[in-house]
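Subject: Structure handover and notes

Dear colleague,

Here is the structure I promised to pass on. Please have it open beside the notes that come after it.

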Amino acid sequence: MATKQIEDPNTRELISLLPLATVPAYIDNIIYFSGTPQDPYPYYRRYIENYIDIRWFGAKGNDPVADSSAFEKAINFCKTSEHTILLIPEGYTFDLNNKTFDIGEISLRFTGGIIKNATLNGNGPSIYSPTSWIDAGCYQIFENITLTNNWASASGTVWADWYGSIADDYNSVDLKTSVDALNKVFQTVTLNEGKYYSNECNIKVNSLIGQGIHKTIIDFRPQKNGDYGLLIGNKGGDTSQRTNYNVVSNLVVGIGSQTKDLKATAGIVLGATHKPLIENVKIQNSADFESADTLIDFNANIESKHQDLNCALLIDGLGELATINNLMTSSQVGILYKTSFDFINFNNYTHWGYDFGFCTVFVGSQSGSNMTFTGSQSWAKGLYGFYALPSNEEANFTNWVIENLRIEQLSTFEDSETGKYIGASFYMGDQMWLNNFIIRNTMLAGTSNGIILNNTKTGFIELDNIKQLHNQHAKTALQVKFLPVSISCVNLKNVQIDGTFELLNSVFIEDDYSLMDETRNGISGKILNKRNCVKSVVNENIIYKQKEVILKDNANYLTIVNSNPSKWSANQKCKKIDISVIGTNTASFIKFYYFKNKTFRIVEVSKDSANHDEILVTPTATSGKFNVLVSDDLFLFNRFNEDVQVFIDHEDLVL
């Protein structure tokens with residue numbers, strides 16, 4: 001077929017024309033041409049290899065009238081022909097004169113050119129089936145462009161650089177501008193290697209993906225109190241405001257050193273969202289207390305000042321089902337719970353605080369339920385490892401598990417009166433509810449106190465495989481307080497204490513036993529409490545050391561732990577019981593066996609001056625005696641004329 005070649009008047013490129021056998025619908029001297037009298041054919045059509053060039057239609061660059069007219073002609077041609085790729089060539093910035101264009105089922109291919117000042121409406125039945133495409137690499141392609149409706153990236157990657165946020169260029173477009181624009185139509189935005197910048201901060205993301213924790217950095221420079229870097233979900237949102245399946249991964253979030261004087265800043269905010277993922281992320285918030293004095297003052301007034309804490313990860317929204325893998329934080333507070341959040345799995349979490357940092361994990365008045373901290377964890381620096389404010393929430397700390405953890409190098413600030421350290425690996429303020437709060441496989445190596453659990457009304461706490469390293473300035477390894485009406489229990493398993501701590505103090509409980517000990521050597525010699533019971537297991541026999549304070553003529557129904565035969569295990573044969581009753585004028589004892597059929601055999605009992613038994617095992621109380629009443633359980637009744645302390649050593653004997 002005979003062809004003809006001419007120079008394109010707009011691009012100055014040599015183009016090929018193919019002859020036409022019929023008259024075209026129109027002659028535009030862009031696609032369709034008339035031949036000359038010397039040509040063998042009267043009409044010709046431009047040969048198009050694989051794309052349409054906006055310049056063919058008269059676009060000049062930085063010419064609002066020519067550029068917008070050419071763009072409209074070009075997309076209209078693409079929409080009505082088999083050629084659906086529109087080229088935006090390198091070296092040009094095309095001004096589209098603030099017009100709106102319906103792109104249709106075409107692809108905009110950028111090879112380095114930029115379009116600006118327009119609204120581009122994408123096409124497709126849904127966000128999952130877009131038919132308008134952007135084909136571009138990691139460079140700027142838009143300036144003051146609004147994308148609407150449904151779009152897709154030809155490569156599958158949407159770059160923040162498209163809107164002018166260029167890595168390692170501080171003078172480029174603020175990252176917030178780019179992400180905000182792209183979030184309107186894309187679910188995932190990708191960052192290149194290098195450092196991005198944002199002075200505006202407060203970037204809400206759908207999903208934001210970097211190139212790696214050592215490759216992509218976002219340098220945020222907050223300007224006011226309460227600023228944050230990234231927001232996942234809706235900050236402070238309720239369950240009806242949850243977003244879905246947001247992701248932040250493979251990057252570093254940095255809150256700059258200029259935040260020293262700011263308060264309540266955060267690197268990432270986890271708001272109301274469903275099934276978010278944070279993975280391979282490092283968060284650094286440089287804000288810190290200025291000195292030890294300011295930190296100690298803050299600690300003394302924490303209930304009124306905690307809202308000023310700066311943190312790496314702020315949990316602020318009623319979200320659920322979050323997965324957080326390989327998170328590293330460095331901040332005044334690593335993770336701060338402002339609101340409840342249900343089901344978060346932290347896997348491989350590491351925190352390195354500052355010299356005057358406060359803690360790794362801080363929980364305000366609400367915590368949510370079903371939290372797990374697992375994998376390999378290391379929490380270092382700060383005054384506390386874990387700190388929880390007092391709370392009257394009935395569902396606080398339901399099903400929390402913290403395991404495989406090392407807490408170390410905590411701050412060594414001392415109480416001026418006692419010379420003992422102020423901080424602790426775990427500090428729990430007064431709680432209405434601690435229902436299944438479990439710490440296991442944990443080494444408390446910090447230069448601090450161990451675990452402090454303050455007044456708790458309801459709950460079950462288990463400490464399993466805990467090792468506390470001793471320091472002479474530490475006051476206590478484990479301190480527990482229960483309210484007088486508490487129905488709580490602390491279960492200890494394989495708890496190893498180095499050195500001579502004040503292991504337990506101020507334990508106070510009125511119902512059932514408060515402490516069960518399954519440690520290797522037992523801790524019974526360290527107990528100084530009003531009412532408690534320590535439980536040890538030796539060769540399958542369970543040994544209890546129980547202590548009671550019983551007022552004279554007591555009306556309370558205090559029982560010997562596990563003395564109801566109907567609740568014994570099938571292989572329990574009987575119970576061996578030794579009771580000592582000590583008062584100002586009284587010292588009595590009894591040793592007896594109690595059998596499954598509620599019969600008993602007395603081995604030895606102290607006598608009064610008339611050679612009568614001083615302690616009776618009987619179904620009814622007798623005046624002037626100390627009585628062990630046989631009913632469903634064995635009840636303790638003091639009928640001496642004085643208050644007494646009762647020490648009960650008893651053992652469940654199994655076959």
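The notes below go from the domains and cores to sheets, and then to single residues.

This is a predicted model, in which local features need a pLDDT of at least 70 and side-chain atom pairs count only at pLDDT 80 or more, while totals for chains, interfaces and linings use all residues. Residues are numbered from 1 along each chain as its sequence is written, and side-chain values use heavy atoms, with hydrogens and water left out.

Domains

The chain is divided into domain 1 (4–47) and domain 2 (534–651), with bounds that come from an automatic or database domain assignment. Taken over C-alpha atoms, the centres of domain 1 and domain 2 are separated by 112 Å.

Nonpolar cores

A nonpolar core here is a set of buried Ala, Val, Leu, Ile, Met, Phe, Trp, Tyr and Cys residues joined through side-chain atoms within 4.5 Å; buried means under 20% relative accessible area, exposed over 50%, and partly exposed in between, using a 1.4 Å probe and protein chains only. The largest such core has 108 residues, of which Phe 71, Leu 120, Phe 142, Trp 162, Tyr 337 and Phe 386 touch the most other members. Helix α1 (residues 64–79) gives the most to this core, with six residues; helices (H or I, at least four residues) and strands (E, at least two) are DSSP runs, numbered from the N terminus.

Helix α1 has 16 residues and reaches 22 Å from its first C-alpha to its last, close to the expected 22 Å, where the expected span is 1.5 Å times one less than the number of residues. Among the buried residues of α1 are Ala 66, Phe 71, Ile 75 and Phe 77, but also Asp 67 and Ser 68. What covers the buried residues of α1 includes β4 (43–46), β5 (52–53), β6 (85–88), β7 (93–102), β8 (107–110) and β9 (114–121).

As for Tyr 337, its contacts (heavy atoms within 4.5 Å), leaving aside neighbours within four places in sequence, include Ile 315, Phe 346, Val 361, Met 371, Phe 373 and Trp 400.

Sheets and strand pairs

Two strands are taken to pair if DSSP finds at least two bridges between them. An open sheet of five strands has the order β5-β6-β8-β10-β12, with parallel pairing. Because β5 and β12 (152–153) stand at the edges, each with a single partner strand, one side of each is left without a neighbour in the sheet. Two bridges join β5 to β6, and Leu 86 in β6 is the bridge partner of Ile 52.

Individual residues

Asn 299 lies in helix α3 (residues 292–300) and counts as buried because its relative accessibility is 15%. The side chain of Asn 299 makes a polar contact of 3.0 Å with the side chain of Tyr 384; a polar contact is a pair of N or O atoms within 3.5 Å, where, within protein, one must be able to donate a hydrogen and the other to accept it, and residues adjacent in sequence count only if both atoms are side-chain atoms.

Ser 369, in strand β29 (residues 369–374), is likewise buried, at 14% relative accessibility. Its C-alpha is 5.0 Å from that of Asp 342, although the two residues are 27 apart along the chain, and a polar contact of 3.2 Å joins the side chains of Ser 369 and Asn 370.

Most residues other than glycine have a negative phi. Lys 275, in the loop between β22 (273–274) and β23 (277–285), has a positive phi of about 55° and is partly exposed at 43% relative accessibility. Asn 399, in strand β32 (residues 398–408), has a positive phi of about 60° and is partly exposed, with a relative accessible area of 30%.

With best wishes
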